Every structure is written in C-alpha cells, then in structure tokens.
Amino acid sequence: EVEKIRIKITSLSLTESRITADETIQQLFVECRLNGFLAEETPLSLPKPTGGQRIHYNYSTVINVDREDNHAEREYLKSILQKPDLPADSLKFTVVSDPPEDEQDLECEDIGFAYVSLKEIFQKQRDIIEQDIDVFDSQDANTVIGKLTVTVEALNALRSVHEECK
C-alpha cells in the first residue's frame, strides 16, 4: 500500500493566451512524466476549454516504487531526497495538442508544462490533493497559460525511501 505514488489529473482550464487564440489547437490531452521512467497520458483528448471553462479528465495512475520490482524508480526517489540540487525532482505534466482527425499532417505539439516537486512534498510532509498548479507556456516559461488540477500522493513512498537512506 505504501510503495506507490498515486497521480490524478482532474481537470484543466486555460487563461487567454496564444493557446486559446490558436484555432489549430482544438483537442488537448495531458502527459505525466517521472524523469525518464514513466510517461502516462490521459486516454482521452478533450476539446480545448474556452473562457473560464474546465475540461475534466479524471484520470488516475499509479507508479509502483516497491523494492522488489521497481528498483530504478526507488533509486531515483532516493537521489531526489539525497541530492539537494537535482533539477529533475519533479513530476512533469505536459499539455499536448492532439491534431484533429482531418489534419493528420499536424504533429502532436507540447503547448504547456506544469510541475510538482516530489522533494517539496517530502519537505512539507504533505501530499498534493486536488490542487491547481500553473501551466506554463512551452514557448515562454514565464507565461502562465492555465491551471491543471492534480493530486499527487507520494509522501508515504518518499518516507519509506527516506527510511532506507538512513
């Protein structure tokens, strides 16, 4: 039970930006990535939300980090806790534009990024439950283009890994 990180991608809203203005961006899905190990994506892409609306994914996934089968993931979590300057201490959420059926020459395009720091969860000793996190424009990391509502339950797993580090 303890040795898991649970991730839920609840919903997405967009603020007015180049994204909302761009008519080639119509359908969006969200990918979640933990360093190099794992990339999960919402099975659905949903129509881009307009003015103040939210689109609801309600997608959940679990990353197993038990000792027996998921050694690499555990070692990575240890490195997050032990190396204070590791830049990749975050779960990265990517909002991706899924080209419409009739535009198959268009590629999937990353339009925004959002981050949850696992180290911060451990430092604050609390999970992130249904929290709005900023989505930054993939072309301009200073511009917030929306909010992604996520849950990341990692504290028990991080505590377990931390015990092992001692």
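Glutamate 103 is partly exposed, at a relative accessible area of 33% (buried means under 20%, exposed over 50% and partly exposed in between, with a 1.4 Å probe and protein chains only). The model is predicted, and local features need pLDDT of at least 70, side-chain atom pairs count only at pLDDT 80 or more, and totals for chains, interfaces and linings use all residues. Residues are numbered from 1 along each chain as its sequence is written, and side-chain values use heavy atoms, with hydrogens and water left out.

Glutamate 103 sits in the loop between β6 (90–98) and β7 (109–117); helices (H or I, at least four residues) and strands (E, at least two) are DSSP runs numbered from the N terminus.

Opposite charges come next. Side chains of opposite charge can pair when their charged atoms come close. The structure holds ten salt bridges, each a side-chain nitrogen of Lys or Arg within 4 Å of a carboxyl oxygen of Asp or Glu.

One of them joins arginine 74 to glutamate 3 at 2.6 Å, N to O. Arginine 74 belongs to helix α2 (residues 71–82) and glutamate 3 to the segment before β1 (4–14), so this pair ties together parts 71 residues apart in sequence. Both arginine 74 and glutamate 3 are buried.

Aspartate 137 and arginine 18 also meet in a salt bridge (2.8 Å, N to O). Because aspartate 137 lies in strand β8 (residues 128–137) and arginine 18 in helix α1 (residues 18–21), the pair links parts 119 residues apart in sequence. Aspartate 137 counts as buried because its relative accessibility is 7%, while arginine 18, at 27%, counts as partly exposed.
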